[in-house]
Amino acid sequence: SLPNARDILLCGVQGSTALYRGNIHLVDIEIPSPTKPVLPVIGLEHPVHSRIDAVCGNPSAKTSIRISCSLSSARSSVTATALATLGSVMTARGEGYLQLYFAIRSDCLRFAQSRVSLGSTNADIEWESF
(Lines give C-alpha, C1' and ligand atoms only; values in the text may rest on other atoms or scores of the structure.)
Protein backbone atom coordinates (compact mmCIF):
# COMPACT_ATOMS: atom_id res chain seq x y z
CA SER A 1 0.00 0.00 0.00
CA LEU A 2 1.01 3.60 -0.41
CA PRO A 3 2.80 5.30 2.47
CA ASN A 4 0.68 7.42 4.78
CA ALA A 5 1.54 11.08 4.45
CA ARG A 6 -0.12 14.41 4.93
CA ASP A 7 -1.58 16.18 1.94
CA ILE A 8 -0.47 19.80 2.04
CA LEU A 9 -2.10 22.61 0.07
CA LEU A 10 0.19 25.60 -0.44
CA CYS A 11 -0.80 29.05 -1.64
CA GLY A 12 2.06 30.98 -3.27
CA VAL A 13 2.56 34.75 -3.27
CA GLN A 14 1.94 34.94 -7.04
CA GLY A 15 -1.54 33.40 -6.82
CA SER A 16 -0.40 29.84 -7.49
CA THR A 17 -1.69 26.92 -5.45
CA ALA A 18 -0.13 23.46 -5.28
CA LEU A 19 -1.00 20.17 -3.63
CA TYR A 20 1.79 18.10 -2.06
CA ARG A 21 1.79 14.67 -0.44
CA GLY A 22 4.62 14.82 2.06
CA ASN A 23 7.53 16.25 0.06
CA ILE A 24 6.21 15.13 -3.35
CA HIS A 25 4.56 17.75 -5.56
CA LEU A 26 1.32 16.25 -6.86
CA VAL A 27 -0.43 18.90 -8.90
CA ASP A 28 -0.86 22.63 -9.38
CA ILE A 29 -4.43 23.70 -8.72
CA GLU A 30 -6.23 26.19 -10.92
CA ILE A 31 -9.70 27.62 -10.40
CA PRO A 32 -11.41 28.39 -13.72
CA SER A 33 -13.33 31.62 -14.23
CA PRO A 34 -15.95 32.63 -16.80
CA THR A 35 -14.09 35.91 -17.46
CA LYS A 36 -10.41 34.88 -17.09
CA PRO A 37 -8.48 31.70 -17.80
CA VAL A 38 -7.96 31.12 -14.05
CA LEU A 39 -8.59 32.99 -10.82
CA PRO A 40 -5.51 33.79 -8.73
CA VAL A 41 -5.73 32.30 -5.24
CA ILE A 42 -4.65 34.87 -2.66
CA GLY A 43 -5.48 32.92 0.47
CA LEU A 44 -6.82 29.73 2.03
CA GLU A 45 -9.32 29.76 4.92
CA HIS A 46 -11.64 27.55 7.00
CA PRO A 47 -10.32 24.02 6.40
CA VAL A 48 -12.75 21.27 7.39
CA HIS A 49 -11.87 17.66 6.49
CA SER A 50 -11.15 17.63 2.73
CA ARG A 51 -12.63 21.06 1.96
CA ILE A 52 -11.23 24.57 2.22
CA ASP A 53 -12.21 28.08 1.16
CA ALA A 54 -9.99 29.43 -1.61
CA VAL A 55 -9.95 33.24 -1.49
CA CYS A 56 -9.64 34.39 -5.10
CA GLY A 57 -9.20 37.67 -6.92
CA ASN A 58 -7.27 40.57 -5.48
CA PRO A 59 -7.31 42.17 -2.00
CA SER A 60 -9.81 44.88 -3.03
CA ALA A 61 -12.21 42.54 -4.89
CA LYS A 62 -12.01 39.06 -3.45
CA THR A 63 -14.41 36.15 -3.36
CA SER A 64 -14.34 32.83 -1.51
CA ILE A 65 -14.93 29.54 -3.27
CA ARG A 66 -15.33 26.28 -1.32
CA ILE A 67 -13.07 23.66 -2.91
CA SER A 68 -12.10 20.05 -2.37
CA CYS A 69 -8.83 18.58 -3.58
CA SER A 70 -8.72 14.84 -4.01
CA LEU A 71 -6.77 12.23 -5.89
CA SER A 72 -9.42 9.58 -5.35
CA SER A 73 -11.33 8.10 -8.24
CA ALA A 74 -14.91 8.58 -7.07
CA ARG A 75 -16.75 7.75 -10.29
CA SER A 76 -15.01 4.60 -11.49
CA SER A 77 -14.15 1.51 -9.47
CA VAL A 78 -12.23 0.13 -12.48
CA THR A 79 -9.99 3.22 -12.60
CA ALA A 80 -9.55 3.20 -8.82
CA THR A 81 -8.41 -0.45 -8.95
CA ALA A 82 -6.05 0.17 -11.88
CA LEU A 83 -4.49 3.20 -10.16
CA ALA A 84 -4.14 1.31 -6.86
CA THR A 85 -2.40 -1.57 -8.64
CA LEU A 86 -0.08 0.82 -10.46
CA GLY A 87 0.63 2.57 -7.13
CA SER A 88 1.50 -0.71 -5.39
CA VAL A 89 3.98 -1.67 -8.10
CA MET A 90 5.61 1.76 -8.22
CA THR A 91 5.80 2.12 -4.43
CA ALA A 92 7.86 -1.06 -4.27
CA ARG A 93 10.34 0.38 -6.78
CA GLY A 94 11.24 3.55 -4.85
CA GLU A 95 10.56 7.27 -4.55
CA GLY A 96 11.33 8.15 -8.19
CA TYR A 97 8.63 5.74 -9.33
CA LEU A 98 6.28 7.04 -6.64
CA GLN A 99 6.59 10.55 -8.12
CA LEU A 100 5.75 9.12 -11.55
CA TYR A 101 2.74 7.32 -10.08
CA PHE A 102 1.39 10.54 -8.53
CA ALA A 103 1.95 12.38 -11.83
CA ILE A 104 0.00 9.72 -13.76
CA ARG A 105 -2.78 9.68 -11.16
CA SER A 106 -3.19 13.46 -11.00
CA ASP A 107 -3.05 13.84 -14.80
CA CYS A 108 -5.64 11.11 -15.29
CA LEU A 109 -8.08 12.56 -12.78
CA ARG A 110 -7.50 16.17 -13.85
CA PHE A 111 -8.17 15.19 -17.48
CA ALA A 112 -11.36 13.36 -16.44
CA GLN A 113 -12.55 16.38 -14.44
CA SER A 114 -11.98 18.71 -17.38
CA ARG A 115 -13.95 16.37 -19.64
CA VAL A 116 -16.84 16.28 -17.15
CA SER A 117 -16.90 20.09 -17.01
CA LEU A 118 -17.02 20.19 -20.84
CA GLY A 119 -20.12 17.97 -20.82
CA SER A 120 -18.72 14.63 -22.00
CA THR A 121 -21.40 11.94 -22.01
CA ASN A 122 -19.15 8.88 -21.81
CA ALA A 123 -20.33 6.37 -19.21
CA ASP A 124 -16.88 5.99 -17.62
CA ILE A 125 -14.88 9.15 -18.29
CA GLU A 126 -12.21 8.31 -15.69
CA TRP A 127 -11.43 4.93 -17.26
CA GLU A 128 -11.30 6.43 -20.74
CA SER A 129 -9.04 9.22 -19.42
CA PHE A 130 -6.73 6.64 -17.81
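A: In this predicted model, Tyr-101 and Phe-102 are both buried.

Q: What makes the pair of Tyr-101 and Phe-102 tilted?
A: The ring centres of Tyr-101 and Phe-102 are 5.3 Å apart, and rings pair if their centres lie within 6.5 Å. Their planes stand at 50°, whereas stacked requires under 30 degrees and edge-to-face over 60; the pair is therefore tilted. The structure holds two aromatic pairs.

Q: Why is the pair of Trp-127 and Phe-130 called stacked?
A: The planes of Trp-127 and Phe-130 are 25° apart, with 5.5 Å centre to centre. Planes under 30 degrees apart count as stacked, so this pair is stacked.

Q: Why is Trp-127 called partly exposed?
A: The relative accessible area of Trp-127 is 41%. Buried means under 20% and exposed over 50%, so Trp-127 is partly exposed. Phe-130, with a relative accessible area of 40%, is likewise partly exposed.

Q: How do you know that the charged end of Arg-93 is within the distance limit for sitting over the ring of Tyr-97?
A: The charged end of Arg-93 lies 5.9 Å from the centre of the Tyr-97 ring, and the limit is 6 Å. The charged end of Arg-93 sits over that ring.

Key: Residues are numbered from 1 along each chain as its sequence is written. This is a predicted model: local features need pLDDT of at least 70, side-chain atom pairs count only at pLDDT 80 or more; totals for chains, interfaces and linings use all residues. Side-chain values use heavy atoms; hydrogens and water are left out. Rings of Phe, Tyr and Trp (its six-membered ring) pair if their centres lie within 6.5 Å; planes under 30 degrees apart count as stacked, over 60 as edge-to-face and the rest as tilted. Buried means under 20% relative accessible area, exposed over 50%, partly exposed in between (1.4 Å probe, protein chains only). A charge sits over a ring if NZ of Lys or CZ of Arg is within 6 Å of the ring centre and within 35 degrees of the ring normal.
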